Amino acid sequence: MTDKADEIAALLAPTVAAMGLELLGIEYLPAPGGAVVRLYIDVPQAEAGDRSVGIEDCEAVSREVSAQLDVEDPISGNYTLEVSSPGLDRPLFGAAQFARFVGESAKVALKLPQDGRRRLQGRILRVEGDAVAFDVDGSELVVDANNVDKARLVPDWVALGLAPARDKSGRDARPGKQKKPTR
């Protein structure tokens with residue numbers, strides 16, 4: 001998150017928590033003519049199996065947060081407020097959220113290049129303090145969480161049943177979907 005996003009998150013987190021939800025993080029995207037302030041909310045981890053964020057939650061948070069932003073006025077100029085659930089490809093903000101998803105795959109963009117790369121995709125191996133270790137193409141890469149510009153989980157669409165399985169050659173493995181050899 002940017003400094004402005006951190007400032008806004010610190011301001012709004014207690015309001016979201018008072019509503020029984022968790023503020024995962026904020027994206028602050030300044031642009032000519034108006035910025036976008038995108039909040040990602042979720043149910044607290046203890047309730048994750050019992051309920052999920054719905055449109056009603058997003059609407060309620062939007063109303064409360066909008067009123068607070070009008071009073072506090074931390075953003076100069078016009079902006080659009082968006083409140084969203086994290087979704088399956090949830091964004092990750094900070095080391096604690098990486099730790100929650102150890103074993104999952106993530107796509108990461110770095111603020112500063114590390115080992116010649118600004119982008120990586122790999123499995124989250126472990127988190128120690130602010131250091132996040134990834135398995136990237138069979139090699140371990142340790143990244144400081146403060147160097148992460150953006151990160152998202154990469155869902156296993158096949159395991160979720162939302163994409164077809166692939167065979168070793170990369171072709172669709174569903175019965176009847178294999179290509180017939182051409183003569």
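Asp73 is exposed, with a relative accessible area of 52%, where exposed means over 50%, buried means under 20% and partly exposed lies in between, all with a 1.4 Å probe and with protein chains only. This is a predicted model, in which local features need pLDDT of at least 70 and side-chain atom pairs count only at pLDDT 80 or more, while totals for chains, interfaces and linings use all residues. Residues are numbered from 1 along each chain as its sequence is written, and side-chain values use heavy atoms, with hydrogens and water left out.

Asp73 sits in the loop between helix 2 (55–72) and strand 3 (79–84), helices (H or I, at least four residues) and strands (E, at least two) being DSSP runs numbered from the N terminus. Although Asp73 is not a glycine, its phi is positive, at about 55 degrees. Most residues other than glycine have a negative phi. Asp137 likewise has a positive phi, near 55 degrees, without being a glycine, and it belongs to the loop between strand 6 (131–136) and strand 7 (139–144). With a relative accessibility of 72%, Asp137 counts as exposed.

A positive surface patch is formed by Lys107, Arg118, Arg119 and Lys150. Such a patch takes residues with over 30% relative accessible area and no salt bridge, and joins like charges within 9 Å, a salt bridge being a side-chain nitrogen of Lys or Arg within 4 Å of a carboxyl oxygen of Asp or Glu. Of these residues, Lys150 is found in strand 8 (residues 148–153), and at 45% relative accessibility Lys150 counts as partly exposed. Over the whole chain there are 23 positive and 29 negative side chains, and the centres of the two sets lie 14 Å apart; Lys and Arg count as positive and Asp and Glu as negative, with His and the chain ends not counted, and each charge is placed at NZ of Lys, CZ of Arg, CG of Asp or CD of Glu.

Taken along the principal axes, the C-alpha atoms fill a box of roughly 70 × 40 × 40 Å, and buried residues make up 34% of the 183 residues in the chain. Among contacts (heavy atoms within 4.5 Å) between residues at least 6 apart in sequence, 50% join residues at least 24 apart.

Definitions and conventions. Patch = residues over 30% accessible without salt bridge, like charges linked within 9 Å, V, L, I, M, F, W, Y side chains within 5 Å. Areas by Shrake-Rupley, 256 points an atom, 1.4 Å probe, with all protein chains shown as cover.
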